[in-house]
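Please look through the sequence and the model shown here.

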Amino acid sequence: MQTYTHLNLGLLMGVVLFPDSHLGQGLVAAGSVLPDVPNAVKMVMDKARGKQPFVDLQESTLANNIFHSCFVWIAIIGVCLFFIKDKEILRAIATGVMLHWLIDRFTHADERFAKTDQKFFWPLKITTKGVWEYRYDYGVLKPKPFELAVNIAAIIATITLVVMRVIFYSKFIFSAIW
């Protein structure tokens, strides 16, 4: 899916899984877009050159494969376990990255894009195929109706959860005072 969809779903999962931690919520959201960092760089570079982003994509880049590789992230998180004392940080980032992987496993289905799709098991040559394709064509960044609905639902659910939490705490605080 588009990076903004990963971000919206990452934020929703952060609110659900780390309700008492703004840091945890933010790190889940950040982790959910980390694998797409090379895509964001390419998009900025294409825009700076006055080109439509991703139109000239020929094959998956090494950076994109590395950033999406489950082996690379397992190694990074494994190493970080020894150096980061606050495990909530690692849990939140790992949750976001795993959410990204899960979404990508379902949404990369069209053979037309197989050469440019990231390799989840890089450096191995194993490829996976999703059940639904989110892209219209190279360079088309608008969401398909289903992805648009997912984004709207995620935004509404996130806002609803945050507002409900604020109302709950407000009633709890006011009832304790009065």
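Among contacts in the protein chain between residues at least 6 apart in sequence, what share joins residues at least 24 apart? The share is 70%, where contact means heavy atoms within 4.5 Å. This is a predicted model, in which local features need pLDDT of at least 70 and side-chain atom pairs count only at pLDDT 80 or more, while totals for chains, interfaces and linings use all residues. Residues are numbered from 1 along each chain as its sequence is written, and side-chain values use heavy atoms, with hydrogens and water left out.

The protein chain contains 7 helices and 0 strands. Helices (H or I, at least four residues) and strands (E, at least two) are DSSP runs, numbered from the N terminus. In sequence order the pattern is α-α-α-α-α-α-α. Along the principal axes, the C-alpha atoms of the protein chain fill a box of roughly 65 × 40 × 35 Å. The protein chain has 178 residues, and 36% of them count as buried. Buried means under 20% relative accessible area, exposed means over 50%, and partly exposed lies in between (1.4 Å probe, protein chains only).

The accessible surface of the protein chain is about 10600 Å², and 74% of that surface belongs to carbon and sulfur atoms. Such areas come from the Shrake-Rupley method with a 1.4 Å probe; for residues, only the protein chains shown count as cover. As for charge, the protein chain has 18 positive and 14 negative side chains, and the centres of the two sets lie 2 Å apart. Lys and Arg count as positive and Asp and Glu as negative, while His and the chain ends are not counted. A charge is placed at NZ of Lys, CZ of Arg, CG of Asp or CD of Glu.

Now take helix H2, residues 22–33. Its 12 residues reach 17 Å from the first C-alpha to the last, close to the 16 Å expected at 1.5 Å a residue. The expected span of a helix is 1.5 Å times one less than its number of residues. Buried residues in H2 are Gly24, Gln25, Leu27, Val28, Ala29, Gly31 and Ser32. The buried residues of H2 pack against helix H1 (3–17) and helix H6 (87–107).

Which residues of H3 are buried? They are Pro38, Lys42 and Asp46. These residues cover an arc of only 70° around the axis, so they are on the same side of H3; the arc is that of the directions from the helix axis to the C-beta atoms. An α-helix has 3.6 residues a turn, so residues three or four places apart point the same way. On the face of H3 turned away from its buried side are the exposed residues Val44, Lys47 and Ala48.

The buried residues of H3 pack against helix H4 (62–68). Pro38 gives one view of this: leaving out residues up to four places away in sequence, Pro38 touches Ala63, Asn64 and Phe67. Pro38 and Phe67 are 29 residues apart along the chain, yet their C-alpha atoms are separated by 7.6 Å. Pro38 counts as buried because its relative accessible area is 15%.

Just after H3, Gly50 takes a positive phi of about 75°. Phe54, in the loop between H3 and H4, has a positive phi of about 70° although it is not a glycine. Phe54 counts as buried because its relative accessibility is 15%.

Further along, Ser69 is in the loop between H4 and helix H5 (70–83). Is Ser69 buried or exposed? At 0% relative accessibility, Ser69 counts as buried. Apart from residues up to four places away in sequence, Ser69 touches Trp101, Lys119, Phe120, Phe121 and Trp122.

The loop between H6 and helix H7 (145–177) holds Arg112. Arg112 counts as partly exposed because its relative accessibility is 46%. Pro123 also lies in the loop between H6 and H7, and the peptide bond from Trp122 to Pro123 is cis, with omega near 15°.
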